[in-house]
Amino acid sequence: MPITSKHILISRTDNIGDIVLTLPMAARLKELNPGVRISMLCRRYAADVVRYCDDIDDVVEEEDVGEKLYGFLRASDIDTVILAQPNRDLAKAAFFARVKHRIGNARQKVYQLIYCNDRVRFSKGLSENHESQINFEFLRPYGDSHIPTREQIADSYHFSIPVDAGIAAEFAPHAFNLILHTKSNGHGREWPVERYTALAQTLQQQPGLRIWLTGSADEGKWLEQHAGALLALPHVVNTCGTMSLARLTQFIAQADGLIASGTGPLHLSAAIGQRTLGLFPPTRPMHPGRWAALGKRASNLCTDQPSCQGCEKLRIMTCDCMLAISVQSVLDIVQGWIADRQASPQ
């Protein structure tokens, strides 16, 4: 018999992109369980993004519950835990706290076979679906076997992001504000910084265009050491390390477009409806088939050539596959964005 829930805790304590790609599942849970309350367990650094999502009623920061998971669950009215990411401590705590429904992928970890009573079984490695589509496998205990299309995923994001007057003032003098998130925090292949520099140099001819570089403080230092030509351009502003995640989300939402490789801000930008371009290699599991940016105004570029030898070296940040993405192909998309922006001023 299909299960029903009154208060669901979704656990996703990994990275921003993974969390963003789990949120459409929450929207579907709201449809399957009218009136349900949904909480999400995540790391503190990602909590602000989750708070902006209309389909999440409460955010539980992992650092606040830590070793107190059993007590937290016993004191709550949570009747369902979904282990969207394997978590032994949570699975065990939910079992001993007698949470009624404990949903986990029994193919991933043996302990989920032991502690979960509403089990699903699927292999991410063998799936041809996108990461966000794969998450819908966790809804099978509800009697829902429908996997939405990528277009339907884009329609499943619901965010309320406040407008920041300070950001608006920074953007106001410029006709087009383009964000380049050049690094990936080690989470994927990167388009070479020389290509970003060439793109920025070409866009210098575009009247009123301002480029904003985003990233962590460490990524900002990397750019200072390796991308002097990019930072020296008069229309480029380096903001790396200056914003909280909440402010970065507002910054992305109020800009006019974002370009990045497979990293959290890419998926965040696409999900909140920003013009977004993802740059990917064709190699599994990093390919766009699994990790493309999905959003109403998102697009992705990937070479149609076979994977290069460098793709087999998982620790390298760029390879010939990323070099095969031309500056012109990226420029064509940006010019389309500019035309769109001019046709429909905000």
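Start by selecting helix α11 (residues 193-203), whose buried residues are Val193, Tyr196, Thr197, Leu199, Ala200 and Leu203; buried means under 20% relative accessible area with a 1.4 Å probe and protein chains only, and helices are DSSP runs of H or I with at least four residues, numbered from the N terminus, as strands are runs of E with at least two. Looking down the axis of α11, you find these buried residues within an arc of 160°, so they line one face of the helix; the arc is that of the directions from the helix axis to the C-beta atoms.

The model is predicted, with local features needing pLDDT of at least 70 and side-chain atom pairs pLDDT 80 or more, while totals for chains, interfaces and linings use all residues. Residues are numbered from 1 along each chain as its sequence is written, and side-chain values use heavy atoms, with hydrogens and water left out.

Next, select helix α6 (residues 88-96), where Leu90, Ala91, Ala93 and Ala94 are the buried residues. Seen down the axis of α6, they fall within an arc of 165°, so they line one face of the helix. They pack against β1 (7-11), β2 (37-42), α5 (69-75), β4 (80-83), β5 (101-105) and α7 (110-115), where contact means heavy atoms within 4.5 Å. After α6 comes Arg98, with a positive phi near 60°.

Finally, turn to helix α2 (residues 23-32), which supplies 4 residues, the largest share, to the lining of the second largest pocket. Among the residues lining this pocket are Phe136, His146 and Asp155; lining residues have an atom within 4 Å of a point on a 1 Å grid over the protein atoms alone, and a pocket is an open set of points where a 1.4 Å probe fits, with protein on both sides within 12 Å along at least five of seven lines.

Definitions and conventions:
Buried means under 20% relative accessible area, exposed over 50%, partly exposed in between (1.4 Å probe, protein chains only).
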